Number of protein chains: 2
Amino acid sequence: MKSTFTNNIIFCLAILSSPILSIKAQDLSQILSQGKWIDLSYDFSAQTLYWPNNPTGFKLDTVAEGVTSLGYYYSSYAFTAPEHGGTHLDAPVHFAAYGLSADKIPLEKLTGDAVVIDVSAKALSDRDYLISVNDITDWEAKNGAIKENTIVLFKTGYGQFYPDAEKYFGTAERGAQAIPKLHFPGIDSTTAEWLVRHKIKAVGLDTPSIDYGQSKNFKTHQILLGASIPAFENIANLNLLPVKGAYIVALPMKIKNGSGGPLRIIAWVKNS
Amino acid sequence: MKSTFTNNIIFCLAILSSPILSIKAQDLSQILSQGKWIDLSYDFSAQTLYWPNNPTGFKLDTVAEGVTSLGYYYSSYAFTAPEHGGTHLDAPVHFAAYGLSADKIPLEKLTGDAVVIDVSAKALSDRDYLISVNDITDWEAKNGAIKENTIVLFKTGYGQFYPDAEKYFGTAERGAQAIPKLHFPGIDSTTAEWLVRHKIKAVGLDTPSIDYGQSKNFKTHQILLGASIPAFENIANLNLLPVKGAYIVALPMKIKNGSGGPLRIIAWVKNS
């Protein structure tokens, strides 16, 4: 009897300590009710920030707005936008001739666990800061190794300046002549190589570009997109995420053959 | 001893049968690995379907495409689109003067459990079919009552015709004169009232509009959007969803003051 009892307890403990029980489909929303979805996306408006050489930004035109002849209210708009501005996706084909376009990136590459690496202390004191491999390994020393297929997000602190172009880009000037005046932090190319070697799923940050403002050859774009790792730029609200444990759903507008485009990115975070 | 043993078993069973254990944040992706995300969105291209009176549809313009003077490949595009076409959101303000715009709809209204009500047998044999309250109550008789805060999706079967305008809309003609020739199923206004009374979270279907093609006053839009219930139109792949148990994440492009816009909608479905 003792032996059976002990076996039963061991059996129960084994089941209870297994990380996850098989769930019923309808249980998912109950699990998700233990946390909340947080929006990491800026809205699109005339204030949306685009690279200085874009001749136009986001524009919303009124198709209809007001009470119709049949007595009901009706509003409808049309819009124009470059792909790369505001909270947006860089698809691999943005910098890789045979890379995936925005519509072809599998949902598995756009959803998953995220880590948030805070480099804001260094980046806010140096507008040209390049995120280093040390920034990652320091994070790992405190929080554990970053697993394969993780979405790696860098918090530079520049999100607090959006959409103030002067503070966010380093210049509020427009046109091609403003490009040499861009000063904001980005990911060093050796760090990009590290991320590829460690098989991360996607990368994102709270600046206009994964390359820093002073980049000429966009080496970090070439390396990450060349390795089929999508990038999320101008992410909002990174300060609301924990260093680990957030689950990301990043859904770009499904533009056929697009090199990127508007991104609605949200994170599920467990209640603390 | 017997009593202790029994108590332990009862304790274990009680825990094991409780619907959900409190999870650790990092467990969510493990739970989600018991199923998969399915894309319910069409891509945006020159083939994307828009209401016949839209003077233009989706247009992608090349900003850059090819090898740069610095030797790396680079592609970038800009696009133009009306808000209401392809897989898209109708925000409450589309038909309600003081309704929420696309950017203001809380994520809680865009995520949650879905039911799929299949009306394709009737709708495919009658292009002007109006989805009735009976269609819902028949579904409930088989599958249980629809709870408050459910996302209700109707499968008319017309998704199989997309993007063939003749078969999907009932006419391939363009311009205002084509509007009276629209013939596709939609939601009857009494059914819309039922959905409001039962406090559903959002509604969606695989046709161009929640009102049927022959509607003149868009009563179903007025009722549902007037009650702050967002609508998802031109949903793809509804045939891949179970009648219940799917979890929806519907993320519209975050257009400030938008009456709707491009929607990327996905569903998590447990492996069977």
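B:Phe218 lies in the loop between β9 (202-205) and α7 (219-226) of chain B. Phi of B:Phe218 is positive, near 50 degrees, in a residue other than glycine. B:Phe218 is buried, because 21 other C-beta atoms lie within 10 Å. Buried here means 20 or more other C-beta atoms within 10 Å of a residue's own, exposed means 12 or fewer, and partly exposed lies in between, with C-beta atoms placed from the backbone. Helices (H or I, at least four residues) and strands (E, at least two) are DSSP runs, numbered from the N terminus.

This is a predicted model: local features need pLDDT of at least 70, side-chain atom pairs count only at pLDDT 80 or more, and totals for chains, interfaces and linings use all residues. Residues are numbered from 1 along each chain as its sequence is written, while chains are lettered from A and ligands numbered from 1 in the order in which they are written.

**Chain A in outline**

Chain A has seven helices and twelve strands. Its C-alpha atoms fill a box of roughly 85 × 60 × 35 Å along the principal axes. Of its 272 residues, 49% are buried. Contacts (C-beta atoms, placed from the backbone, within 7 Å) are counted next. Among those between residues at least 6 apart in sequence, 74% join residues at least 24 apart.

**Two copies, one axis**

The contact takes 72 residues from chain A and 72 residues from chain B. Several elements of chain A each supply at least two residues to the side that touches chain B, among them α1 (2-17), β5 (111-118) and β12 (260-270). β3(A) gives the largest share, ten residues. That side of chain A divides into 41 nonpolar, 20 polar and eleven charged residues. In this count Ala, Val, Leu, Ile, Met, Phe, Trp, Tyr, Cys and Pro are nonpolar, Asp, Glu, Lys and Arg are charged, and the others, Gly among them, are polar.

**A sheet across the chains**

An open sheet of four strands runs in the order β2(A)-β3(A)-β3(B)-β2(B), with antiparallel pairing. The edge strands are β2 of chain A and β2 (59-67) of chain B, each pairing on one side only. Strands pair if DSSP finds at least two bridges between them. Two of the pairings are set out below.

| Strand pair | Sense | Bridges | Residues placed opposite |
| β3(A) and β3(B) | antiparallel | five bridges | A:Phe79 and B:Ala81 |

**The core and its helices**

A nonpolar core is a set of buried Ala, Val, Leu, Ile, Met, Phe, Trp, Tyr and Cys residues joined through C-beta atoms within 7 Å. The largest one holds 154 residues, and A:Leu153 and B:Leu153 touch the most other members. Beyond four places in sequence, the contacts of A:Leu153 include A:Val115, A:Leu205 and A:Ile235.

In helix α7 (residues 219-226) of chain A, A:Thr220, A:His221, A:Ile223, A:Leu224 and A:Leu225 are buried. They pack against β4 (88-90), β8 (186-187), α6 (189-197), β9 (202-205) and β10 (231-233) of chain A. A:Ser228 follows α7(A) and has a positive phi, near 65 degrees.

A:Tyr168 is found in helix α5 (residues 165-169) of chain A. A:Tyr168 counts as buried, because it has 21 C-beta neighbours inside 10 Å. A:Tyr168 and A:Trp51 are 117 residues apart in sequence, yet 11 Å apart in space, C-alpha to C-alpha. Leaving aside neighbours within four places in sequence, A:Tyr168 is in contact with residues including A:Leu49, A:Pro163 and A:Phe184.

**Backbone particulars**

The peptide bond from A:Tyr162 to A:Pro163 is cis, with omega near 5 degrees. A:Pro163 sits in the loop between β7 (151-155) and α5 of chain A. In chain B, the bond from B:Tyr162 to B:Pro163 is cis, with omega near 0 degrees.

A:Asn237 is found in the loop between β10 and β11 of chain A. Its phi is positive, near 60 degrees. A:Asn237 counts as partly exposed, because it has 17 C-beta neighbours inside 10 Å.

Note on methods:
Two residues are in contact if their C-beta atoms, placed from the backbone, lie within 7 Å.
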